[in-house]
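Subject: Structure handover

Hi,

Here is the structure we talked about. Please have a look at it first, then read my notes below.

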Amino acid sequence: MAAHTVLVVGATGQQGGAVVQALLDQKRANLRILALTRNPDSPKAKALAKAHKDVIELVRGDASEPEPILSSQPKGSIDGLFIVTSPGKVDEEKQAIPLIDAAVAHGVSHIVFSSVERGGDEKSWTNPTDIKHFYQKHNIELYLRDKAQKDGSFTWTIFRPVAFLDNMNPGKFVPVFAALWYVTLSPGTKLQFVSTHDIGVLSAKALIDPSKWAGKAIGLAGDSLTLTEAKAIYKQTIGKDLPQHWSLFAWLLTWVPELNKMFTFFEKEGYGVDIEALNKIHPMQNLETWLKESSKWK
């Protein structure tokens, strides 16, 4: 049986790592994972390759410079590609669009892009928002969709996650996030959340069986909560209070333009995933199940 080869961007990061784990959980005999990382010599990358040496091959590279990545593999040998982009010094379009072009030229037949939700499956197509990392992902979505329509040689799936439950893992970020939630959103405003575990599971499904997912753009969320509801679930599930920083500190952070725009979007528009409908496709983790099954809280 010929190998089914998948190239995963950010294989040691949150989303890419979840995709790699979900692919491994499929336990397919012919699966081959090309794990793209900027630093294959990192302890995390080495441990990943060592634990799954018969399945995973580490690939050094930067997604914004895709030619060396793809030229290291025989043309036409890669079946699927998972792309995730992140805010930083390099615009997200530059992280994804050259890679899409190079992958299609190389013969990749299915591309999965992890984007961001912007108000519902249909609305997201026409709602870039004024948030930089939202509208840059929107531009990538349009490019991917339109290129596939013109080219005809490959298919695509777009997943649009909402806020990450993983942001509420133990660490320095969770008290900051909780404080921002407190000072920026009205007490009755609900915020939707998804686990990176579920992003990984659904992306793996689309990479392994593209025909069922081709041409679909789907918002991903497993829960919709006010801060008060989230605090109650935390206390009930793990017996601890949700850590929260001083309100003054969070208020000062709202002067950061992109943070201000994002939390304004949460308050005035909000994510728009139909969680009930999504659960019929795949049972999504809510905050309680994530805390019990996937979080780092003990």
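This is a predicted model: local features need pLDDT of at least 70, side-chain atom pairs count only at pLDDT 80 or more, and totals for chains, interfaces and linings use all residues. Residues are numbered from 1 along each chain as its sequence is written, and side-chain values use heavy atoms, with hydrogens and water left out.

Helices (H or I, at least four residues) and strands (E, at least two) are DSSP runs, numbered from the N terminus.

Start with β2, residues 31-37. Six of its seven residues are buried, so the strand is largely enclosed by the rest of the structure. Buried means under 20% relative accessible area, exposed means over 50%, and partly exposed is in between (1.4 Å probe, protein chains only).

β2 pairs with β1 (residues 4-8) in the parallel sense, over five bridges. Two strands pair if DSSP finds at least two bridges between them. T5 has R32 in β2 as its bridge partner. Between β1 and β2 the chain passes through helix α1 (residues 14-25), in a right-handed β-α-β crossover. Right-handed means that, with the strands pointing away from the viewer, the path from the first strand over the helix to the second runs clockwise.

β2 also pairs with β3 (residues 56-60), again parallel and over five bridges. Here A35 has L58 of β3 as its bridge partner. The chain crosses from β2 to β3 through helix α2 (residues 43-51), and this β-α-β crossover is right-handed.

Helix α6

The buried residues of α6 are F134, Q136, K137, H138, I140, E141, L144 and A148. Their cover includes α4 (92-106), β5 (110-114), α5 (123-126), β6 (155-161) and α11 (257-268). Just after α6, G152 takes a positive phi of about 80°.

How do α6 and α11 cross? Their axes come within 9 Å and cross at roughly 75°. Axes are lines fitted to C-alpha atoms, for helices over the stretch in contact, and angles run from 0 to 180 degrees between N-to-C directions. The two helices are therefore roughly perpendicular to each other (65 to 115 degrees; under 35 is roughly parallel, over 145 roughly antiparallel, the rest oblique). K132, H133 and F134 of α6 make the contact with E258, M262 and F265 of α11. Contact means heavy atoms within 4.5 Å.

An open sheet of three strands runs in the order β7-β8-β10, with mixed pairing. Its edge strands are β7 (163-164) and β10 (223-225), each pairing on one side only. β8 (residues 191-194) and β10 pair in the antiparallel sense over three bridges. F193 stands opposite D223 in β10.

Eleven of the 13 residues of α8 are buried, so this helix is largely enclosed by the rest of the structure. Among them are I199, V201, L202 and L207.

Two residues to look at

K27 has a positive phi near 55° and is not a glycine. K27 sits in the loop between α1 and β2. At 73% relative accessibility, K27 counts as exposed.

T129 is not a glycine either, yet has a positive phi of about 70°. T129 is in the loop between α5 and α6. Is T129 buried or exposed? T129 is buried, with a relative accessible area of 16%.

Best wishes
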